[in-house]
Amino acid sequence: MKKLRIETRVLAGFTLALAVIAAGGALVYHAIGEFNATSKAAVTSREVLAELDGTYSSLTQAEAHERSFLVLGDSSDLAQRQAAIGRLDVHLAELHRLIGADPRQRSRLQRLTGEIASYLRLLRQSTPVRARGQPVRRQRAATLPVPYRIRHLVELMRQTEATRLHLRRAHTAMRLHETIITLVLLLLASAASLSFLYIGIRHEIRDRRSAEDALLHETELLSQSKERMRAVLDTAAEAIIVIDGDGTVERFNASAERMFGWSSGEIVGQNVCQLLPVPRESGVRQIPTSPALVVGSGCETEGRRRGGETFPLEISVSKIRIAGKPVFTSVLRDISERRRSETALAAAMQELRNSNEELRNFAYVVSHDLKAPLRGIGSLADWLQADYAEQLGSEGRKYLQLLMGRVRRMDQLIDGILEYSRVGRVTEARTYIDLDQVVRESVDLLVPPEHIRIVIDGALPSVAGEPTRMRQLFQNLLSNAIKFMDKPHGLIRVTAHAADGVWHFTVADNGPGIDPRHHEKIFQLFQTLAPRDRIEGTGVGLALARKIVELHGGHIWVESIPGQGSKFHFTFPHDVPAEMPRTAQVP
Amino acid sequence: MKITSRPILLVEDDDVDAMAVIRAFKSLHITNRLERAENGEAALAALRDPRHERPCLVLLDINMPVMGGIEFLHAIKDDNRDLRCIPVVVLTTSNEQEDKMRSFDLGVAGYMKKPVDYQQFVETVRTIDRYWTVSEMPE
């Protein structure tokens with residue numbers, strides 16, 4: 001665009017200068033032509049004047065010789081008179097030629113010629129008389145002089161010609177003056193336009209030079225950035241392939257060389273199909289011109305190594321436009337290893353699912369197949385006691401009582417196992433649970449004996465979780481505290497405070513406390529510290545509590561001084577843990 | 001029971017559990033004749049037999065061989081002989097939420113867990129009897 005403008009400007013400048021020069025030339029040519037014409041005319045005028053003088057002088061000479069002949073009768077005068085008349089004729093003829101087309105001078109010349117002719121006739125009339133020997137009278141001789149009319153005509157013509165010559169000279173001088181002014185003006189204009197052109201060109205050259213400098217600088221920067229880019233490409237851990245809109249490989253970095261087994265030189269210029277044979281990914285936009293290419297990030301597809309071996313890879317393609325042409329930068333990652341671990345993980349997951357399923361089935365089997373015979377034993381023992389009390393005797397009845405007690409304990413154990421297995425397996429919808437209400441309800445449900453006081457310090461917060469499990473958690477901890485209380489004035493205190501992104505709860509009692517060496521053991525399934533015959537317990541409660549707390553993303557631990565009491569601490573995160581299911585799930 | 005003239009059908013595979021029901025009926029003086037089917041299929045055959053007297057109540061165990069309680073409930077729900085009008089009370093060991101939901105979904109009139117303690121079991125049967133003494137049932 002700019003270039004065009006510059007050229008137009010230069011062209012316009014030159015055209016202007018040329019036009020000025022041409023105009024000047026034309027003017028000069030014209031002036032010279034006019035000069036020539038004027039000079040020629042001046043020469044003619046001068047010739048005319050000379051001829052007029054010649055005519056008059058020839059005429060007077062003819063007259064003088066005539067008179068001399070008439071007076072002296074010398075015949076040599078006659079010859080001289082004839083010679084003068086001959087010159088006169090030559091002068092007149094010359095005048096006729098020179099006068100040309102001027103009508104006034106021409107008519108004067110004609111009149112002059114006529115007058116001269118009649119004068120010469122007069123001269124010739126006197127001559128024969130003298131030749132016959134008769135003297136010419138003096139008075140007649142006096143009539144001979146050149147008549148006034150001829151003199152007057154010659155004078156007029158002289159004056160006219162002189163005036164014309166003068167006018168021509170003046171005109172030429174004026175023209176010359178004008179021409180000089182015009183020429184000066186034209187030269188000035190031409191100088192101005194050339195200067196303008198020069199300035200323009202100079203300006204342009206300067207602009208171009210600075211543009212060239214800038215270009216040079218940019219080229220340098222570009223080459224630097226190119227180098228940098230190449231360095232980045234070649235040191236990148238990921239394989240990077242740059243492809244044009246047709247799928248032709250433009251760049252192939254070192255990692256890509258290692259990944260595919262081709263060298264950059266071998267693959268640049270080839271179609272990318274050679275590397276990415278079959279795009280398996282759907283749901284991402286495909287580039288129509290190169291079906292092997294998909295734009296997107298984290299798409300998984302298959303690559304083909306030099307030997308033809310295929311391998312899974314993850315590809316992220318981004319599209320950019322360079323000079324209006326699309327260019328695709330693909331970052332590829334060999335995910336064979338990931339695939340292997342995914343497969344291994346999937347297998348492990350399947351195994352876990354299977355074992356969970358087994359556990360579930362086990363729980364179901366326990367609940368039905370163990371409970372039914374247990375109930376049978378219980379029923380039969382009951383009926384034996386009822387129907388055969390007499391025959392059994394006191395010892396037999398005691399045995400049956402023990403039998404029925406063990407049946408009940410086993411039933412509780414089975415229930416415990418079922419409950420424990422149900423936590424995390426059967427999930428409820430997550431809601432915000434007002435723990436204040438949960439704890440108060442639990443206290444009401446547990447009906448603590450008169451000597452035990454349960455205090456809730458301040459209002460307990462609401463947390464997100466499974467309502468049933470929350471209830472179980474607090475019930476287990478509170479019932480443990482009540483069950484093991486050994487002091488005449490039992491005090492159980494429930495507190496909560498926010499700390500470091502979590503809710504920290506404490507259930508503290510002034511009961512017997514727990515020996516530190518058991519602090520870990522008590523949270524394990526079926527671990528009890530008191531003989532079951534003394535204090536009924538299945539050893540499920542705290543294991544269940546730990547499972548519930550951990551399922552909600554928290555931790556549980558105990559702090560205790562034996563003889564003074566125990567503090568059960570547990571936390572719940574303020575935010576709902578991600579692994580917690582958000583919807584009810586009934587298997 | 002509101003209706004004493006018609007039998008009660010007990011669908012139960014465990015003999016001792018069946019004996020427990022019979023014993024509880026006896027001790028609670030429930031006079032209805034107690035019939036027993038050992039699984040869902042036998043119960044269904046009995047209910048579909050036109051010569052067989054239609055029971056006023058079905059006591060149904062869930063976990064049984066051949067045809068379990070849930071399958072039996074499906075069968076009578078799809079039956080076109082008004083079998084679904086007979087009230088069914090589930091009497092089972094299963095405490096599974098899934099069993100409870102399915103049972104009620106299939107229109108049971110109650111769901112009782114069999115306690116391991118016989119005395120408690122008698123109380124459960126007493127509750128069933130009381131309820132169906134007060135509640136109306138289809139003729």
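In the predicted model, the interface is formed by 20 residues of chain B, which are in contact with 24 residues of chain A. The area buried between the two chains amounts to about 2,000 Å², and carbon and sulfur atoms account for 52% of this area. Of the area that chain B buries against chain A, 33% is supplied by B:Arg23, B:Glu96 and B:Val116, a share that exceeds that of any other three residues.

With regard to specific pairings, 3 salt bridges are found across the interface of chain B and chain A, and 5 residue pairs are in polar contact, both residues of each pair being at pLDDT 80 or more. The elements of chain B that contribute two or more residues to the side touching chain A are helix H1 (15–27), helix H4 (97–105) and helix H5 (118–134). Among these elements, H1(B) gives the most to that side, with 5 residues. By residue class, the side of chain B that touches chain A comprises 7 nonpolar, 5 polar and 8 charged residues. A salt bridge is formed between B:Asp117 and A:Arg408, whose closest N and O atoms are 2.8 Å apart.

Within helix H1 of chain B lies B:Asp17, a residue that is classed as buried because its relative accessible area of 4% falls under the 20% cut-off. When residues up to four places away in sequence are not counted, B:Asp17 touches A:Arg375 in chain A, together with B:Glu12 and B:Lys114 in chain B.

For chain A, the domain assignment gives domain 1 (2–197), domain 2 (238–334), domain 3 (340–407) and domain 4 (427–573). The C-alpha centres of domain 1 and domain 3 of chain A are separated by 161 Å.

A further residue of chain A, A:Ile267, is placed in helix H7 (residues 264–267). A:Ile267 is buried, its relative accessible area being 0%. The residues that A:Ile267 touches, those up to four places away in sequence not being counted, are A:Val249, A:Phe252, A:Trp262, A:Gln274 and A:Leu275.

Methods: Residues numbered from 1 in each chain as written. Chains lettered and ligands numbered in written order. Predicted model: local features only at pLDDT ≥ 70, side-chain atom pairs only at ≥ 80, totals over all residues. Heavy atoms only, no water. Contact = heavy atoms within 4.5 Å. Buried area = accessible area lost by both parts, 1.4 Å probe. Salt bridge = Lys/Arg side-chain N within 4 Å of Asp/Glu carboxyl O. Polar contact = N/O pair within 3.5 Å; in protein donor to acceptor, adjacent residues only side chain to side chain. Helix = DSSP H or I, 4+ residues; strand = E, 2+ residues; numbered from the N terminus. Nonpolar A, V, L, I, M, F, W, Y, C, P; charged D, E, K, R; others polar. Buried < 20%, exposed > 50% of the residue type's maximum accessible area, 1.4 Å probe, protein only. Domains from an automatic or database assignment.
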